[in-house]
Amino acid sequence: MDKGKVFITGGAGFIGLHVVEQLLERGWSVRIFDNMIRGDRDRANALASGGEVEVIDQDVRAGAAVSAAMKGCDRVIHLAADSINKSQADPFSSVDVNVVGSHNVFASAAELGVQRVVYASSASVYGDPEKLPMHEDDPLSPITPYCIGKRTGEDLLRYYERRSGLSWIALRFFNVYGPGQKTTAYYTSVINHFVNRLRNGEPPVIDGRGEQSMDFIHVKDIARAVVLATESEASNAAINVGTGIDTSVAELARILIDAVGADVEPQFNPRDVLVSRRAADIVRAREMLGFEYSIPVREGMTDLIQYEIAAAAR
Ligand SMILES: NC(=O)c1ccc[n+]([C@@H]2O[C@H](COP(=O)([O-])OP(=O)(O)OC[C@H]3O[C@@H](n4cnc5c(N)ncnc54)[C@H](O)[C@@H]3O)[C@@H](O)[C@H]2O)c1
């Protein structure tokens with residue numbers, strides 16, 4: 001069953017490798033385009049040796065390379081990006097990769113007439129939400145160069161839709177976690193911080209009362225949403241991908257203590273913290289993509305801890 005070929009930038013990264021696995025299961029062949037700055041080269045090469053995956057070690061900032069490599073592909077998934085923390089340290093690089101690089105991908109896709117572009121946008125385009133759940137039509141107020149770049153990416157997709165009839169979906173990922181994530185990942189650094197303390201027999205320390213919250217979504221669910229968006233009849237919209245549930249930092253600490261099986265209580269560090277909360281409105285994802293999350297946060301976090309314990313023992 002050969003459905004056609006998907007061109008995936010950032011396909012050797014954390015989310016990308018999960019997407020590639022699900023694309024292969026569904027009968028797509030895959031061309032990964034990744035400069036390997038944070039990609040897993042060994043995993044990508046292992047996939048390539050299986051024959052269904054090609055790996056092109058190139059940079060999205062090189063427009064001619066993007067266009068040449070995209071030839072012969074039916075659909076495009078664009079995940080390559082500079083991370084949110086790098087965007088504060090190096091805004092020039094962030095704009096180059098996330099704005100110029102994204103434009104190279106979208107312009108090539110429009111020029112080559114690919115059937116669909118799926119773009120990894122981010123919940124951070126909303127800025128600090130005024131209300132929960134966060135709906136796709138809420139005002140956008142991106143704060144960092146990363147968030148500004150993600151919003152610009154969505155605007156560029158609308159431009160190529162108007163100009164060339166490009167068919168696109170921008171997925172606004174909420175807080176993605178799961179096996180394979182780098183320990184420096186910004187949104188989920190709180191998970192690593194708590195787990196490292198628990199491993200050393202120390203209780204997690206929570207700033208304030210731990211009321212700040214995130215909408216944690218497992219990477220396998222994110223990958224499924226990406227594949228659905230690649231294949232769906234519906235298009236030309238930004239769509240949230242989250243669970244719709246805001247998990248507070250205090251709840252997260254409790255889940256991780258239980259998962260590790262530690263006999264400790266969280267410690268609270270009384271100080272004023274800005275309480276930000278996040279939860280996705282998930283109606284559009286259900287209506288347009290037929291997507292609903294399948295892995296509850298307690299189950300997904302417990303699996304992640306088991307995976308990490310097993311990996312540490314290897
Ligand atoms: N992880 C999250 O919580 C989250 C949340 C919202 C949005 N996103 C977005 O999802 C996408 C994937 O994120 P991830 O967590 O898998 O990140 P990641 O860093 O693991 O993967 C990004 C991949 O892109 C590659 N890459 C980076 N710069 C490149 C360039 N200039 N040219 C070619 N390849 C390049 C890297 O080598 C890496 O393999 C990104 O666009 C990210 O902004 C992630």
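Colleague: At roughly what angle do the axes of helix H5 and H6 cross?

Modeller: This is a predicted model, so to be clear on cut-offs: local features need pLDDT of at least 70, side-chain atom pairs count only at pLDDT 80 or more, and totals for chains, interfaces and linings use all residues. Residues are numbered from 1 along each chain as its sequence is written, and side-chain values use heavy atoms, without hydrogens and water. Helices (H or I, at least four residues) and strands (E, at least two) are DSSP runs numbered from the N terminus; axes are lines fitted to C-alpha atoms, for helices over the stretch in contact, with angles from 0 to 180 degrees between N-to-C directions. The axes of H5 (residues 91-112) and H6 come within 9 Å and cross at roughly 20 degrees.

Colleague: Is H5 roughly parallel or oblique to H6?

Modeller: Angles under 35 degrees count as roughly parallel, over 145 as roughly antiparallel, 65 to 115 as roughly perpendicular and the rest as oblique. The crossing is at roughly 20 degrees. H5 is therefore, relative to H6, roughly parallel.

Colleague: Is the crossing of H5 and H6 left-handed or right-handed?

Modeller: A crossing is left-handed if the near helix is turned anticlockwise from the far one by less than a right angle, and right-handed if clockwise. The crossing of H5 and H6 is right-handed.

Colleague: How far apart are the axes of helix H7 and helix H11?

Modeller: H7 (residues 189-199) and H11 (residues 297-313) pack at about 55 degrees, which makes H7 oblique to H11. H7 passes H11 in a right-handed crossing. The axes lie apart by 12 Å.

Colleague: How do H1 and H8 stand to each other, roughly parallel or oblique?

Modeller: The axes of H1 and helix H8 (residues 219-231) come within 9 Å and cross at roughly 60 degrees. H1 passes H8 in a right-handed crossing. H1 and H8 are therefore oblique.

Colleague: Which element supplies the largest share of the shell around the ligand?

Modeller: Here 29 residues surround the ligand, each with a heavy atom within 4 Å of it. Helix H1 (14-25), strand E5 (116-122) and helix H6 (145-164) each supply at least two residues of the shell. The largest share, three residues, comes from E5.

Colleague: What percentage of the ligand's exposed area does the protein bury?

Modeller: Polar contacts are N or O pairs within 3.5 Å. A polar side-chain atom of Tyr146 lies 2.5 Å from a ligand oxygen atom, and one of Asp34 lies 2.6 Å from a ligand oxygen atom. Taken alone, the ligand exposes 830 Å² (Shrake-Rupley method, 1.4 Å probe). The protein buries 94%.

Colleague: Which residue is joined to Leu132 by a cis peptide bond?

Modeller: Omega at this bond is about -10 degrees.

Colleague: What is the phi of Met36?

Modeller: Met36 sits in the loop between strand E2 (28-33) and helix H2 (41-49). Met36 is not a glycine, yet its phi is positive, about 65 degrees.

Note on methods: A polar contact is a pair of N or O atoms within 3.5 Å; within protein, one must be able to donate a hydrogen and the other to accept it, and residues adjacent in sequence count only if both atoms are side-chain atoms.
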